[in-house]
Amino acid sequence: MDQFHLQPHEWEALALTLRVGAATLAVAIPLAIAVAYILARFRFPGHGTLNAVVHMPLVLPPVVTGYLLLLAFGPKGPVGVFLQNTFGISFAFNWTGAALAAGIMAFPLIVRPIRLAFEAVDPKLEEAAASLGARKLVTFVVISLPLALPGILSGAILGFAKAMGEFGATITFVSNIPGETRTLALALYTATQTPEGDPIAFRLTIIAAIVAFGALFASEIMARRLKRRLGASDA
Amino acid sequence: MDQFHLQPHEWEALALTLRVGAATLAVAIPLAIAVAYILARFRFPGHGTLNAVVHMPLVLPPVVTGYLLLLAFGPKGPVGVFLQNTFGISFAFNWTGAALAAGIMAFPLIVRPIRLAFEAVDPKLEEAAASLGARKLVTFVVISLPLALPGILSGAILGFAKAMGEFGATITFVSNIPGETRTLALALYTATQTPEGDPIAFRLTIIAAIVAFGALFASEIMARRLKRRLGASDA
Amino acid sequence: QDRLTVFAAASLTNALEAIGTAFEEETGMQVLFSFAGTSALARQIEAGAPADVFVSADEIWMDYLRERQAVVPESIKAIAGNGLVFVGPAGSEPLDLDVGGISDALGRGRLAIADTETVPAGRYGKAALTSLGLWAYVQKRLAPMENVRVALAAATRGDTPLALVYASDASVEPGVDVVAKLPAESHQAIRYPAALTQHAAEGADAFLAYLSSAAAQRIFEESGFAMLQDSQ
Amino acid sequence: MLEVEVKGSVGGFHIDAAFASEAGVTALFGQSGAGKSTITNMIAGLVTPASGRIVVDGQILFDSASSLNLPARDRRIGHVFQDARLFPHLSVRNNLTFAHWAGRRHPKRPLAEVVELLGISHLLDRKPGGLSGGEKQRVAIGRALLSDPRLLLMDEPLASLDQARKSDILPYLDRVGEDAGIPIVYVSHALEEVARLSQTLVIVSQGSVLAFGPVADMLARTDLGRATGRHEASALLSGKVVAIDKHWGLASIDMGGQIIQVPALDTAIGEDIRLRIRARDVAIALGRPEGLSIRNALHGTIKSITDETGPYTEILSAVDGQLLRARLTRASAADLGLVPGKAVTLLIKSVAIDRRQRTPAPRKSAQG
Amino acid sequence: MLEVEVKGSVGGFHIDAAFASEAGVTALFGQSGAGKSTITNMIAGLVTPASGRIVVDGQILFDSASSLNLPARDRRIGHVFQDARLFPHLSVRNNLTFAHWAGRRHPKRPLAEVVELLGISHLLDRKPGGLSGGEKQRVAIGRALLSDPRLLLMDEPLASLDQARKSDILPYLDRVGEDAGIPIVYVSHALEEVARLSQTLVIVSQGSVLAFGPVADMLARTDLGRATGRHEASALLSGKVVAIDKHWGLASIDMGGQIIQVPALDTAIGEDIRLRIRARDVAIALGRPEGLSIRNALHGTIKSITDETGPYTEILSAVDGQLLRARLTRASAADLGLVPGKAVTLLIKSVAIDRRQRTPAPRKSAQG
Ligand SMILES: Nc1ncnc2c1ncn2[C@@H]1O[C@H](COP(=O)(O)OP(=O)(O)OP(=O)(O)O)[C@@H](O)[C@H]1O
Ligand SMILES: Nc1ncnc2c1ncn2[C@@H]1O[C@H](COP(=O)(O)OP(=O)(O)OP(=O)(O)O)[C@@H](O)[C@H]1O
Ligand code: MOO
Ligand SMILES: [Mg+2]
Ligand SMILES: [Mg+2]
């Protein structure tokens with residue numbers, strides 16, 4: 001099966017994609033959990049605005065989001081300049097920028113299911129935890145968070161899939177640099193742009209599909225374990 | 001506020017976007033409910049495959065999805081020819097095609113929260129309904145479905161936002177024809193293609209944001225009503 | 001039918017819209033433009049899109065359609081040309097077209113360019129840089145963009161100190177200064193071929209012809225495109 | 001009428017239970033964790049036994065031999081769950097009428113009657129969310145009653161209800177069962193409730209049935225003391241109402257020759273009646289005492305004397321062929337010189353036999 | 001010790017309740033829907049009263065006047081909820097020790113002791129999901145006991161437990177309260193449980209407190225019959241253990257001159273003791289009868305005779321300054337010619353006074 005023997009630049013794109021996906025999840029999920037919990041449990045003046053900001057990347061065409069990212073985080077953007085000067089961090093034209101773009105695009109998809117899950121946690125259990133002396137943060141960590149795990153898993157899967165497929169914002173923000181920012185999705189796009197690219201595109205589609213399939217499969221198994229863990233019923 | 005006085009072609013794009021969004025929801029939600037329920041409640045050999053197929057549009061770059069749609073549903077694609085010949089339906093280069101593209105891209109985002117919500121419905125309530133003589137379908141309609149409404153609303157919001165912002169698959173599948181397939185997202189893209197386009201792009205971004213904000217706001221109110229309806233506690 | 005649908009490369013957006021308006025005024029025939037990436041448009045036309053006229057950003061995709069009999073072969077003709085220029089943020093110093101000059105201008109930044117594999121502007125750029133002996137140096141310093149306009153924007157804002165873009169783009173963007181023009185012989189002639197599709201409606205040929213008219217050519221020129229009296 | 005024989009397990013807990021009963025109420029009695037709810041779930045079709053057979057009123061609900069397993073929704077079993085399981089998004093009214101509008105069942109009792117009995121008319125438009133524990137339980141009972149059941153399964157339905165409410169509901173359940181010929185399987189920890197209500201008692205312990213049979217026999221068995229609870233040891237006497245004294249509110253019951261007087265609460269002359277008489281309410285005298293407020297003095301003969309641990313002794317006496325159980329201190333038994341075969345007078349306070357002590361007479365097997 | 005005065009509402013239901021009690025167990029008694037759980041929720045800090053004041057052991061938990069409202073987690077209240085509210089994702093063990101590892105509480109009783117008492121040692125590694133109703137309730141009790149509470153709030157904690165289990169747990173609760181000086185607020189429908197366990201009885205009806213006070217006084221009040229349930233009318237007699245007869249297992253109690261004998265179960269000579277004696281367990285004789293198994297015959301004088309509806313009459317007699325309540329048929333009272341002022345003999349079977357009938361003597365207010 002020679003056609004499933006990956007070529008070096010395909011490996012490169014695949015590795016990059018996984019790295020971007022992993023980084024996206026690593027950074028976006030904790031943040032998404034915080035935002036989801038805030039949206040689910042508190043009512044405050046900025047609630048609607050926060051909610052809208054989270055969803056914005058979904059509403060705007062990805063290219064626009066990428067462009068806005070460039071405006072803000074680019075080498076000359078205010079945030080970019082600040083980060084460069086204070087922490088020496090730069091998102092410009094490197095894989096961390098790709099992860100940032102993917103993370104922002106995936107964020108609403110991650111937040112929603114988590115919020116849903118938090119809303120489904122019975123506040124009576126949180127009351128019970130409080131009556132046993134647990135502070136808010138402890139209750140959150142040992143009660144609300146574990147009970148919301150199915151939602152977090154759902155969000156993670158959507159987020160990972162989105163990070164894998166994210167294209168418009170990424171190419172606009174960090175361009176399409178082989179080995180640096182050319183993820184599978186960008187490589188795939190690249191292949192479709194030339195008439196001769198179709199077989200390459202086909203191969204890349206298969207690769208992407210296999211990765212996604214693997215991730216989904218893993219997530220289903222985790223979900224089943226989780227369900228048992230959360231005590232729907234015993235072993 | 002003259003800059004918020006919409007021009008005819010902006011009205012056109014806005015109206016089209018709303019139409020596409022509404023059509024997407026109208027068709028995708030019932031389907032997503034069915035798929036989500038099947039994924040949540042049944043284990044069968046094709047489970048993993050169905051799950052993967054649902055998520056695929058998220059994993060692939062939208063352009064690729066659009067291209068696959070073109071191959072399948074285009075005027076010369078096998079599905080397109082079939083639909084044209086048997087039902088006289090065509091998705092090619094018209095707004096229904098834009099809705100199809102948006103629907104397929106949004107589908108995983110709609111299915112996930114709904115599935116999550118179905119999984120959270122206590123099967124004991126379904127047992128109780130059965131013991132009172134309700135058939136499976138009735139139980140689904142009067143118990144499982146209403147209890148999953150928060151998830152359906154979440155899915156609808158994600159789906160609507162995605163449908164509003166969908167760009168890559170749409171432009172690849174049904175092109176960028178004013179009044180027919182040029183939604184706000186595509187108009188925004190078009191604006192970025194011209195040097196004088198920035199203010200137009202800005203206006204369009206604002207319009208999209210306002211619509212999205214409105215939809216989100218409406219959804220939050222609905223969610224709150226729903227919560228009361230589902231009896232978290234009485235009035 | 002008094003309506004034409006024209007599928008045209010996105011980089012032609014403002015010139016063609018102006019020409020379309022002029023054509024409408026002259027003939028009363030309405031022209032609808034669908035602007036998108038050339039590759040997407042070509043595939044749509046191959047798939048049977050209801051386009052009457054196709055204006056491509058390069059010849060590869062026009063050839064692709066000709067081979068598949070999706071366009072009328074004898075109707076194909078170049079309607080505009082273009083050149084390549086280096087631009088920098090407004091106020092940038094002119095540039096010497098050698099490695100030293102480029103490296104001075106780039107400093108530690110990157111060269112924004114349309115994607116060199118997928119976007120016509122990028123492909124032309126790569127050819128030109130190669131023939132100028134600069135490719136080996138800049139290859140690792142590129143920021144390949146999804147399209148020329150993003151590359152231009154990058155230079156406008158100074159995210160990259162330099163961008164390689166179409167002359168047409170540079171001419172209408174006040175935020176950049178042209179720091180060097182690439183010699184026309186450093187790359188294949190840049191032409192925008194247009195053609196009638198196989199099922200072009202009546203009147204489409206009139207629009208195709210209009211694209212070569214003096215009025216249209218003047219608009220192309222105003223938008224920074226090269227006129228093509230010489231090229232066909 | 002009801003025939004249950006099930007083997008199976010949930011989690012690591014094994015069930016191997018078999019019992020049968022005639023018409024009327026069958027009580028499942030046993031310690032917490034004994035498997036009562038699991039057995040009811042098997043009858044309801046919510047847990048599938050590995051093997052066995054469940055027959056209600058001649059209709060086979062489950063039979064592993066013939067691979068028959070009627071789905072829960074077709075079993076027509078009104079199930080009052082231990083956790084009420086009300087539908088949180090439906091009003092109390094819609095919960096109550098659920099079987100009608102969602103299950104196409106046609107309840108024989110009117111909603112108003114059931115609502116009135118359960119005292120939930122003021123709750124009809126509320127959602128279950130804000131109901132108190134007992135209110136939830138009452139709605140759950142109503143919902144099951146209104147599902148036109150062929151069998152009622154009640155899993156500790158009265159656990160969180162007060163005495164007054166219980167006294168309202170118990171006779172109604174009784175009537176429902178009797179009038180409509182609906183058998184009832186009743187899970188309870190309270191022997192009083194059980195004795196009051198049931199014809200058959202099934203004692204469940206660690207997943208299996210320790211013993212089952214008519215309540216009177218079961219209550220008379222001394223070997224089940226541990227399971228039924230010493231304090232509640234009692235006997236059932238059958239008799240017929242022969243006279244009613246309206247003035248004093250007393251009914252005279254012929255226990256097979258001797259008469260005892262009990263409060264006349266809804267009895268009619270000629271009625272067959274069973275009285276549950278607790279051992280601790282029976283005193284023994286050597287002769288018929290004078291000037292004593294205790295009205296009922298029955299002549300009997302001591303059959304057996306069983307010393308228990310602690311200060312008590314239990315004395316079984318024959319009274320006209322029926323058995324009466326008395327519980328005394330060992331000290332008294334010794335003082336009086338009680339020995340088997342001795343003729344004694346058994347004293348029963350009339351007030352000890354009140355409404356809750358009367359159980360319906362055994363029913364003729366109702367044809368379903 | 002415990003001072004509650006709350007006004008407020010949940011949904012459309014209004015609470016306006018005030019009561020106070022000294023050390024020991026305070027029982028909230030009332031019909032389903034009376035507002036008992038709501039009051040406990042206010043004490044726990046889960047429902048905020050519109051106004052009022054809640055003080056436990058000198059510490060103010062809530063005081064609308066000074067806008068003080070201690071959050072639930074700082075109230076140190078061990079709350080056994082009516083619905084168990086176990087954490088579904090944690091093992092039984094981790095549920096039980098939750099207060100320790102998540103709440104930094106340091107329970108004074110060892111886990112092993114509580115687990116043993118509740119009979120849940122075999123469940124420790126299970127998740128709550130598969131537990132039976134009674135098992136859940138026991139784990140919930142354990143969790144609250146192990147939270148080092150300053151006050152225990154128990155909302156019908158024993159409703160789904162069998163008698164044997166109750167008899168194990170009740171004395172333990174008693175001891176916990178007494179040893180550690182932890183006051184207990186106990187919601188129950190079962191007057192037996194209440195009388196057995198509590199010093200103070202609060203009768204809740206329609207959101208307000210009908211009456212409250214020492215259990216003995218409350219049980220003696222005839223105006224509360226409806227609320228406490230006729231059948232259970234009783235009186236509390238105080239006395240001191242003066243002798244224990246190991247052979248017969250009987251203790252002699254000096255009731256202020258006259259002696260009665262009761263089962264000796266865990267009593268010690270010199271102990272102050274209260275006995276709950278139900279009216280239905282008391283018979284009246286004109287003289288001291290001979291040859292009768294009833295050991296306890298107290299001389300007394302009839303204070304009042306109250307005819308009730310139905311066949312009964314209730315007779316209050318003074319016995320050495322204490323009041324004893326007897327319930328006879330009207331017929332018997334007439335036959336014996338009972339009138340106020342008449343000297344009579346009151347007969348009480350020893351077995352009628354068993355362990356569950358004994359209540360702890362009123363406690364000295366424990367210093368918290
Ligand atoms: N999924 C499960 N896994 C393991 N054990 C289980 C499971 N389900 C039930 N059990 C066990 O089976 C036993 C019987 O449970 P069941 O609910 O039938 O008891 P019960 O007699 O109704 O008790 P209660 O009176 O407390 O309600 C219990 O010990 C319970 O822990
Ligand atoms: N959110 C609410 N909206 C309306 N009424 C409510 C709400 N919460 C409680 N109630 C009502 O308040 C009353 C008191 O409820 P509570 O739970 O305190 O009763 P309870 O005395 O504990 O009863 P039970 O013995 O049945 O548990 C009930 O009638 C209940 O329906
Ligand atoms: O017009 Mo293009 O194909 O985006 O360079
Ligand atoms: Mg049970
Ligand atoms: Mg309550």
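Reply: The model is a predicted one, and the values below are computed from it. The contact draws 23 residues from chain A and 21 residues from chain C. Between them, the two chains bury about 2000 Å², and carbon and sulfur atoms account for 56% of that area. On the side of chain A, A:Phe93, A:Gln193 and A:Pro195 supply 27% of the area that the chain buries against chain C, more than any other three residues.

Charged pairs also span this interface: two salt bridges are found across it. In one salt bridge A:Arg182 is paired with C:Asp115, and the closest N and O atoms are 4.0 Å apart.

Elsewhere on chain A, a nonpolar patch on the surface is formed by A:Phe82, A:Phe87 and A:Ile89, which together have about 320 Å² of accessible area. A:Phe82 counts as partly exposed because its relative accessibility is 47%, between the limits of 20% for buried and 50% for exposed.

On chain C, C:Asp2 may be followed in the segment before β1 (3-9). C:Asp2 counts as exposed, because its relative accessibility is 52% and the class begins over 50%. Leaving aside residues up to four places away in sequence, C:Asp2 touches C:Gly28, C:Met29 and C:Gln30. C:Val31 is 29 residues from C:Asp2 in sequence, while their C-alpha atoms are 8.6 Å apart in space.

The wider assembly gives this interface its setting. Seven pairs of chains are in contact, and chains D and E share the most contacts among them. In that pair, 56 residues of chain D are in contact with 56 residues of chain E. Chains D and E bury about 4700 Å² between them, with 53% of it on carbon and sulfur atoms. Four salt bridges are counted between chain D and chain E. One of them joins E:Asp281 to D:Arg280, with the closest N and O atoms 2.8 Å apart.

Other pairs have no contact. Chain C and chain D are not joined by any contact, and their closest C-alpha atoms lie 50 Å apart. Chain B and chain E likewise have no contact, although their closest C-alpha atoms lie 6 Å apart.

Of the contacts in chain D between residues at least 6 apart in sequence, 66% join residues at least 24 apart.

The magnesium ion (ligand 4) has D:Ser37 (OG) and D:Gln82 (OE1) as its protein donors, lying 1.9 to 2.1 Å from the ion.

Notes
Residues numbered from 1 in each chain as written. Chains lettered and ligands numbered in written order. Predicted model: local features only at pLDDT ≥ 70, side-chain atom pairs only at ≥ 80, totals over all residues. Heavy atoms only, no water. Donors = N, O, S within 2.8 Å, 3.2 Å for Na, K, Ca; no water. Contact = heavy atoms within 4.5 Å. Patch = residues over 30% accessible without salt bridge, like charges linked within 9 Å, V, L, I, M, F, W, Y side chains within 5 Å. Areas by Shrake-Rupley, 256 points an atom, 1.4 Å probe, with all protein chains shown as cover. Salt bridge = Lys/Arg side-chain N within 4 Å of Asp/Glu carboxyl O. Buried < 20%, exposed > 50% of the residue type's maximum accessible area, 1.4 Å probe, protein only. Buried area = accessible area lost by both parts, 1.4 Å probe. Helix = DSSP H or I, 4+ residues; strand = E, 2+ residues; numbered from the N terminus.
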